[in-house]
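Here are my notes for you on this one. Keep the viewer open and check each point as you read.

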Amino acid sequence: MEELGVPGFFVGDLNSYRSLETKVYSTCLAYFDDAWVDYPLSEQMCTFHDYGGLQGNPTATNPNEPIDYIYSTRGDFAVTNFTILHEGMTGTNESTFDSDYFFIHATFNYLS
C-alpha cells in the first residue's frame, strides 16, 4: 500500500496485545490507524476466549484488550463503529463456538 500510495486495510489475528508488544504495535501505528483505539465506544475486552474457557476469567493474560486488529491507512478513514461480536456466545467447548476468537467488525468513512 505504501509503495503504491493507495489507501487500504490490514486486518487479522496478530496474537499480540498492544500494551505488551509495544514495539510491534508502534511499528504498525507508523503507517496505520487502529480502529479499536480510535472508536471511543469500543468494548474493553479480549477477543481470544479459547472456545469459552476464558470468558469472564480474571486470570486471562489481558482480559481488556483484543488481540485481533483492523488497521486502516493513517488519515484515510474515520472509524464510525468497532464491535466485538460476542453477544449470545456462551458455552465451554468447541461445538458451541465457530472459533476460539470472537469476530470483530468495523465501519469506516473514507475521507479522501
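Predicted model: local features only at pLDDT ≥ 70, side-chain atom pairs only at ≥ 80, totals over all residues.

1. The volume of the largest pocket comes to about 160 Å³. If you wonder how anyone finds such a space, rolling a probe the size of a water molecule over the atoms shows where empty space is left.

2. Now step back to the whole chain. Going from the N terminus, they come in the order β-α-β-α-β-β-β. Along the principal axes, the C-alpha atoms fill a box of roughly 45 × 25 × 25 Å. The chain has 112 residues, and 36% of them count as buried.

3. Next, the sheet. Three strands form an open sheet in the order β1-β3-β2, and the pairing is antiparallel. Which strands stand at the edges? They are β1 (9-13) and β2 (32-34); each has a single partner strand, so one side of each is left without a neighbour in the sheet. From one strand to the next, the twist averages 25 degrees. As a reminder, strands of a sheet pair through backbone hydrogen bonds, either parallel or antiparallel.

4. Zoom in on one of those pairings. Strand β3 covers residues 68-73 and pairs with β2 over three bridges, in the antiparallel sense. To see a bridge for yourself, find D34 and look across to Y71 in β3, its bridge partner.

5. F10 and Y69 are 59 residues apart in sequence, yet their C-alpha atoms are 7.9 Å apart in space.

6. Last, the largest nonpolar core. Eleven residues make it up: A35, W36, Y39, M45, I70, V79, F82, I84, F97, F102 and A106. Both α2 (35-38) and β4 (77-85) supply at least two residues of this core. Which element gives the most? That is β4, with three residues. For background, nonpolar side chains tend to be buried together in soluble globular proteins.

Technical notes:
Residues numbered from 1 in each chain as written. Heavy atoms only, no water. 1 Å grid on protein atoms, 1.4 Å probe; cavity = no way out; pocket = protein on both sides within 12 Å on 5 of 7 lines; lining within 4 Å. Points joined across faces, edges and corners; volume = space filled by probe spheres on them. Pairing = 2+ DSSP bridges. Helix = DSSP H or I, 4+ residues; strand = E, 2+ residues; numbered from the N terminus. Axes fitted to C-alpha atoms, helices over the stretch in contact; angles between N-to-C directions. Core = buried A, V, L, I, M, F, W, Y, C linked by side-chain atoms within 4.5 Å. Buried < 20%, exposed > 50% of the residue type's maximum accessible area, 1.4 Å probe, protein only.
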